[in-house]
Amino acid sequence: MSRPSRLANVLLVLALFISCSSWTVWSSSRCKHTNSEELRPHSVSITEFGAVGDGVTLNTKAFQNAIFYLNSFADKGGAKLFVPAGRWLTGSFDLISHLTLWLDSDAVILGSTDFKDWPVVDPLPSYGRGRELPGGRHKALIYGRNLTDVIITGNNGTIDGQGSSWWNSFWSKTLDYTRPHLVELMNSTGVLISNLTFLNSPFWTIHPVYCSQVTIRSVTIIAPLDSPNTDGIDPDSSDHVCIEDCYISTGDDLIAIKSGWDEYGISFGRPSRDIIINRLIGKTQTSAGIAIGSEMSGGVSDVHAENIHFFSSYNAIRIKTSPGRGGYVRNVYISNMTLSKVDIAIRFTGLYGDHPDDSFDPNALPVIERITIKDVTGEQIERAGLMEGIKEDHFMNICLFNITLNVSSRYPWNCSYVQGYSDLVSPKTCEPLKGRIFPEHCSDCYYLSSHLRSTSNEHRGKISPDMS
């Protein structure tokens with residue numbers, strides 16, 4: 001690149017900073033954490049209720065009885081249920097408000113391999129049926145609804161769903177009901193999940209649904225890379241969710257933000273919004289590091305993700321939707337992402353997924369708009385982007401800034417039915433995204449911020465000649 005061209009690109013970044021200086025800055029301080037060390041005035045051990053940690057004895061009754069007893073302290077500052085070292089086999093049990101479930105470092109809660117120990121409950125109203133089969137669904141191993149002030153934490157203890165029997169039943173098509181989650185909290189406020197390892201969930205691992213003020217921090221989530229639908233964390237019709245400092249390696253999306261399925265999600269009408277993801281590391285060989293959808297019919301907005309590292313994965317970022325979904329995905333900002341050995345860095349799919357029944361409205365088209373992805377580097381990337389909107393419903397204001405990917409494909413970008421803008425992107429973007437952000441389109445790009453100042457310094461003297 002000639003010296004004048006290099007200078008022009010540096011000046012472009014500076015101009016972007018100046019002209020877009022009014023863009024909002026979303027501080028990470030918006031993640032407000034519950035103190036996992038909060039002292040509860042009452043504490044009992046699961047062993048006081050007859051539990052045996054030999055990995056064989058079924059302890060469902062012990063967990064249920066302990067929590068029933070601790071409920072009497074809910075209005076007295078709450079209580080703590082301590083799970084010591086051991087292997088504690090159990091079926092599903094329900095949490096209560098003002099409870100801390102604490103696992104010691106060598107404590108392992110094991111999900112029973114007998115499906116009868118996971119009761120069947122009603123489908124979620126925003127889904128209208130079980131996600132896999134019509135009718136009900138198995139209750140999560142650790143479950144709660146209509147709760148306030150719930151903490152699931154410990155000294156890096158483990159919750160193991162022992163999901164292989166469920167996966168085998170899925171593959172052999174012998175399921176009677178939709179598989180259970182490992183942890184599900186419904187209609188709950190003030191939730192903290194931290195300092196634990198989650199293994200081998202039968203289905204989605206951690207599922208906060210219809211919740212508010214949820215923090216998931218410093219957790220490890222692992223399932224075999226070929227295990228079916230073992231999503232890591234799925235905020236669903238929930239708001240003010242903070243996910244940070246997590247490592248996830250599973251057989252499906254590491255994080256999938258959802259808000260209901262087709263006409264049921266539209267009718268229920270509760271969006272997912274104000275989602276913060278910070279310092280996430282992980283891999284998935286079949287799905288995406290961060291996904292939105294495909295069940296997004298109640299709407300998804302104000303998603304902020306930064307400091308991300310995905311490796312040995314299929315997709316890094318993916319938005320999944322379809323005619324019939326309705327709803328919207330808007331105001332999404334993803335920044336400071338490092339990729340290695342990823343098949344497709346950025347993927348939007350406008351024709352994805354099935355429908356709950358034949359009553360969905362094919363004319364209910366989703367609105368996808370104001371998606372900003374910036375400050376991305378990647379090595380050993382097969383394709384930079386596969387961005388497929390809907391013919392009658394283009395995805396709008398997709399903004400890409402400061403992205404450098406080492407791509408092996410001769411056709412790094414494939415775009416259809418999308419519209420947007422880009423600057424400082426290598427390899428060059430597809431035609432629908434080649435409009436420049438500066439100077440006319442700053443206001444069309446969601447949440448580009450004063451980080452541009454540091455970007456201008458980083459690019460002095462090293463801007464690639466094939467950047468758009």
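This is a predicted model: local features need pLDDT of at least 70, side-chain atom pairs count only at pLDDT 80 or more; totals for chains, interfaces and linings use all residues.
Residues are numbered from 1 along each chain as its sequence is written, and side-chain values use heavy atoms, with hydrogens and water left out.

Back to Cys399. Which cysteine does Cys399 pair with in a disulfide? The partner is Cys445, and the two sulfur atoms are 2.1 Å apart; a disulfide here is a pair of cysteine sulfur atoms within 2.5 Å. Cys399 sits in strand 26, residues 395–407, and Cys445 in the loop between strand 28 (418–426) and helix 5 (452–458), so this pair links distant parts of the chain, 46 residues apart. Helices (H or I, at least four residues) and strands (E, at least two) are DSSP runs, numbered from the N terminus. The torsion about the S-S bond of Cys399 and Cys445 is about -80°, so the disulfide is left-handed. Cys445 is buried too, at 2% relative accessibility.

By this rule the count comes to two disulfides. The other joins Cys415 to Cys430, with S to S 1.8 Å. Its torsion is -75° about the S-S bond, and the link of Cys415 and Cys430 is left-handed. Cys415 is in strand 27, residues 413–416, and Cys430 is in the loop between strand 28 and helix 5, so the pair ties together parts that are 15 residues apart in sequence. Cys415 is buried at a relative accessible area of 16%, and Cys430 is buried at 10%.

Cys246 is in no disulfide, and the nearest cysteine sulfur, that of Cys242, is 8.7 Å away. Cys246 is buried, with 3% relative accessibility.

Strand 26 also holds Asn397. Is Asn397 buried or exposed? Asn397 is buried, with a relative accessible area of 15%. Leaving out residues up to four places away in sequence, Asn397 touches Arg370, Ile371, Gln419, Gly420, Tyr421 and Asp444, contact being heavy atoms within 4.5 Å.

Next, the largest pocket. About 370 Å³ of space lies in the largest pocket. On a 1 Å grid over the protein atoms alone, a pocket is an open set of points with protein on both sides within 12 Å along at least five of seven lines, a 1.4 Å probe is used, and lining residues have an atom within 4 Å of a point. The volume is the space filled by probe spheres set on the points, which are joined across faces, edges and corners. Of the 22 residues that line the largest pocket, Arg131, Asn229, Asp252, Glu295 and Tyr352 are the closest to its centre. The lining divides into four nonpolar, seven polar and 11 charged residues. Asp, Glu, Lys and Arg count as charged, Ala, Val, Leu, Ile, Met, Phe, Trp, Tyr, Cys and Pro as nonpolar, and the others, Gly among them, as polar.

Last, helix 3. Helix 3 is followed by Lys173, which has a positive phi, near 60°.

Definitions and conventions:
Buried means under 20% relative accessible area, exposed over 50%, partly exposed in between (1.4 Å probe, protein chains only).
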